[in-house]
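Reader: I have a model open on my screen and would like to learn how to read it. Could you walk me through a few features?

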Amino acid sequence: MRVYAVKDYREMSRKAANILSAQIISKPDSVLGLATGSTPIGTYEQLVEWYEKGDLDFSEVRTVNLDEYKGLDKENKQSYYYFMHRHLFDRVNIPQEQTHLPDGTNAEAEKECRRYEELMESLGGIDIQLLGMGHNGHIGFNEPAEAFAKETHCVDLQESTIQANKRFFESAEEVPRQAYTMGIGTILRAVRILVIVSGEDKADIVKKAFWGPITPQVPASILQLHPDVILVADEAALSKVTEKL
């Protein structure tokens, strides 16, 4: 694992965007695995800025997203489809048919999960997967569990995740209780994994995930076994790490 310790959220975003842009430039038809939530917004803003300057071309890029709430349609402002179009897809020259997310409106969970796995396989796999990390160590919506989930599946969201996401909704009651998410096995099949973390509130879980034991109770800890992981974290997020970086 390579660790880039940066000063703050802004530098984290710029470094992550630099890594993603290098991937796009070196392989214009890259398959990017993308994430949502507040952490990657700055990264997407930087990519858009470079695109507007003429430094990046997204016309051949293909994307797959980590997850989507079950039960929310594309027009819902809290859906990850809406999020991605707002923060990236509608602001660069990527054809819509080359962007992919789980279909939150498909009530047949087994069928939807199988469709998404087959879709990713048809694209040739993910070249680089962008990840944030939850306070309980979840990646995507892979929550702490007794075992690591292998493939795309429908998950019941834990209360801690619901509480963390309620700021995006009118109330906690409006947060969906289920979501479709890539499995841990799906994520680990990516050629490269880029993890971005910011803030002192993530310091404990950063230490547990990357310098603690590998356990499904801390889902991100499995990333220690991947051969090509890049962690970009700011000083606050790395403040509990005593090991030499």
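Reader: Which residue in E9 is the bridge partner of Gln129?

Author: Strands of a sheet pair through backbone hydrogen bonds, either parallel or antiparallel. In this predicted model, Gln129 is bridged to Ile193 of E9. E6 and strand E9 (residues 192-197) run parallel and are joined by four bridges.

Reader: What is the order of the strands in the open sheet?

Author: The sheet has seven strands, paired in parallel, in the order E1-E10-E9-E6-E2-E3-E5. Strand E1 (2-6) and strand E5 (99-100) are the edges, each pairing on one side only.

Reader: What does the side chain of Thr152 make a polar contact with?

Author: Its partner is the side chain of Glu117, at 2.8 Å. Leaving aside residues up to four places away in sequence, Thr152 also touches others, including Cys113, Met120 and Thr186.

Reader: And helices? Why is helix H3 largely enclosed by the rest of the structure?

Author: An α-helix has 3.6 residues a turn, so residues three or four places apart point the same way. Helix H3 (residues 80-87) is largely enclosed because six of its eight residues are buried. Those are Tyr80, Tyr81, Phe83, Met84, His85 and His87. Among the elements covering the buried residues of H3 are strand E2 (31-34), helix H2 (41-52) and helix H5 (159-165).

Notes. Residues numbered from 1 in each chain as written. Predicted model: local features only at pLDDT ≥ 70, side-chain atom pairs only at ≥ 80, totals over all residues. Heavy atoms only, no water. Buried < 20%, exposed > 50% of the residue type's maximum accessible area, 1.4 Å probe, protein only. Helix = DSSP H or I, 4+ residues; strand = E, 2+ residues; numbered from the N terminus. Contact = heavy atoms within 4.5 Å. Polar contact = N/O pair within 3.5 Å; in protein donor to acceptor, adjacent residues only side chain to side chain. Pairing = 2+ DSSP bridges.
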